[in-house]
Amino acid sequence: MSKIVSCILILVVAVGTSSFGCHCSDKLIVKKAIRKSDVVVLGQIIKKETLVVPYKVEGIEIVSLNYYKLSVQVSRLFKGKKVFDVIEIITGVGKGDCGFNFVLNQNYIIYLVQKEKYFYTGNEVTPFLYTDMCSRTCISNIGEINKIEESCSFKLWSPSTLRND
């Protein structure tokens, strides 16, 4: 019975996201976006590839969904623990799944959360950093950087430049 419920749930999610589109709650203010994020960086997209993620129940593949796996050359770390010069992030493909439409060689301010599952009910995987269009991720701009730095003055954290110690 639980297999059938899982299959129906996955099919509803897979079909529903492309049929109904992405619906974000109100756009997050900077302080709230920062609090909800595990990592916030300024970086350039240097690689973009499709990642196919199968969903299996008791070893049987029910559905597979596409995500984008992106490599980001980090130029500034606003929040989070030490990161490498290049980090890998995941987002949806943007066809109703709230994926952010990143463009190669463009600079972005990226608000990221760490996840351990691609699906809410899926198998655990190696932790990864995820973002979407509801997270406040945006093309790099001085206004957003200023808002982040203003938030830092409220003792959320201190911005630092990226270092490889």
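Reader: How many disulfides does the structure hold?

Author: The structure holds two disulfides. This is a predicted model, in which local features need pLDDT of at least 70, side-chain atom pairs count only at pLDDT 80 or more, and totals for chains, interfaces and linings use all residues. Residues are numbered from 1 along each chain as its sequence is written, and side-chain values use heavy atoms, with hydrogens and water left out.

Reader: Why is the pair C22 and C98 called a disulfide?

Author: A disulfide is a pair of cysteine sulfur atoms within 2.5 Å. The sulfur atoms of C22 and C98 are 1.8 Å apart, so the pair is a disulfide.

Reader: What makes the disulfide of C22 and C98 right-handed or left-handed?

Author: The torsion about its S-S bond is about 100°, so the disulfide of C22 and C98 is right-handed.

Reader: What about C24 and C134?

Author: The torsion there is about -75°, so that disulfide is left-handed.

Reader: Why is C98 called buried?

Author: Buried means under 20% relative accessible area, exposed over 50%, and partly exposed in between (1.4 Å probe, protein chains only). C98 has 14%, so C98 counts as buried.

Reader: Is C22 buried or partly exposed?

Author: The relative accessible area of C22 is 22%, so C22 is partly exposed.
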